[in-house]
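Try each exercise by eye, then check the worked solution.

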Amino acid sequence: MIKEGITGFNCSNLEGLSNKLELLKKNILYLKKYKIKAFYDQNETSNYVRIKLYDFIENEKIDLLINCQYGYSCCATDESSWMNIEFIEIPHLLERKLQDIFPCLKPKYLNSKLEDIDIRNLSKTEKEQIEYWKSETKGEVIFNGYD
């Protein structure tokens with residue numbers, strides 16, 4: 001079941017989010033495997049932070065997403081955009097650094113079909129946004145670009 005406020009409507013950001021993000025950045029840089037290429041804060045059209053990473057060893061780009069209400073994290077392809085996110089597995093080493101700060105969600109869960117029971121606890125406004133944007137998966141609700 002998805003928690004009320006997850007969409008970012010009618011709620012405030014996770015308490016201590018800035019401090020947790022700074023700790024995460026330090027943890028990522030400590031790995032010496034990743035370079036932070038860009039950092040996009042939550043704004044009026046997204047309820048998540050996007051951190052663009054480059055993996056020196058694998059020679060690949062990935063995006064790390066952090067939901068600003070509950071701190072859930074996941075990875076997406078570098079080509080993912082605003083309302084079209086392709087979720088991918090979080091690399092094991094990165095997941096170990098993330099898990100204690102921002103709980104990780106797996107692509108299988110994020111891509112699973114949204115059911116009525118999943119949104120039972122959401123506010124009326126959140127349910128209206130889900131209907132308006134025609135969100136079909138849990139990931140589309142948890143990491144959304146509603147405005």
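What follows is a set of exercises on the sheet, the rings and the cysteines. This is a predicted model, so local features need pLDDT of at least 70, side-chain atom pairs count only at pLDDT 80 or more, and totals for chains, interfaces and linings use all residues. Residues are numbered from 1 along each chain as its sequence is written, and side-chain values use heavy atoms, with hydrogens and water left out.

**Exercise 1. Work out the strand order of the sheet, and find which strands stand at the edges.**

Step 1: Helices (H or I, at least four residues) and strands (E, at least two) are DSSP runs, numbered from the N terminus. Two strands pair if DSSP finds at least two bridges between them.

Step 2: Walk across the sheet. It's an open one of five strands, in the order β1-β2-β3-β4-β5, with antiparallel pairing.

Step 3: Look at the ends. β1 (34-40) and β5 (87-88) each have a single partner strand, so one side of each is left without a neighbour in the sheet.

Step 4: Count bridges. β1 and β2 share six, β2 and β3 are joined by eight, and β4 (residues 73-77) is tied to β5 by two.

Step 5: Pick out facing residues. Lys35 is opposite Tyr54 in β2, Leu53 is opposite Ile62 in β3, and Ala76 is opposite Phe87 in β5.

Step 6: Check the turn. The β2 and β3 hairpin has four residues between its strands, and Asn59 takes a positive phi near 55 degrees there.

**Exercise 2. Decide whether Ile62 is buried or exposed, and list some of its contacts.**

Step 1: Ile62 is in strand β3, and its relative accessible area of 3% makes it buried.

Step 2: Beyond four places in sequence, its contacts include Tyr34, Ile51, Cys75, Ile88 and Leu94.

Step 3: For one of these, check the spacing. Ile62 and Ile51 are 11 residues apart in sequence and 8.5 Å apart in space, C-alpha to C-alpha.

Step 4: Have a look at β2 too: seven of its eight residues are buried.

**Exercise 3. Classify the ring pairs Tyr48 with Phe143 and Trp133 with Tyr146.**

Step 1: Rings of Phe, Tyr and Trp (its six-membered ring) pair if their centres lie within 6.5 Å; planes under 30 degrees apart count as stacked, over 60 as edge-to-face and the rest as tilted. The structure holds six aromatic pairs.

Step 2: For Tyr48 and Phe143, the centres are 6.1 Å apart and the planes sit at 70 degrees, so call this pair edge-to-face. Tyr48 is in strand β2 (residues 48-55) and Phe143 in the segment after α5 (138-142), 95 residues apart. Both Tyr48 and Phe143 are buried.

Step 3: Trp133 and Tyr146 are stacked, at 6.1 Å centre to centre with 10 degrees between the planes. Trp133 is partly exposed at 22% relative accessible area, whereas Tyr146 is buried at 2%.

Step 4: Now join up the rings: pairs link Tyr48, Phe87 and Phe143 into a cluster.

**Exercise 4. Work out why Cys74 and Cys75 form no disulfide.**

Step 1: A disulfide is a covalent bond between the sulfur atoms of two cysteines. The rule used here is a pair of cysteine sulfur atoms within 2.5 Å.

Step 2: The closest cysteine sulfur to that of Cys74 is in Cys75, 6.8 Å away, which is too far for a bond. The count comes to zero disulfides.

Conventions. Buried means under 20% relative accessible area, exposed over 50%, partly exposed in between (1.4 Å probe, protein chains only). Contact means heavy atoms within 4.5 Å.
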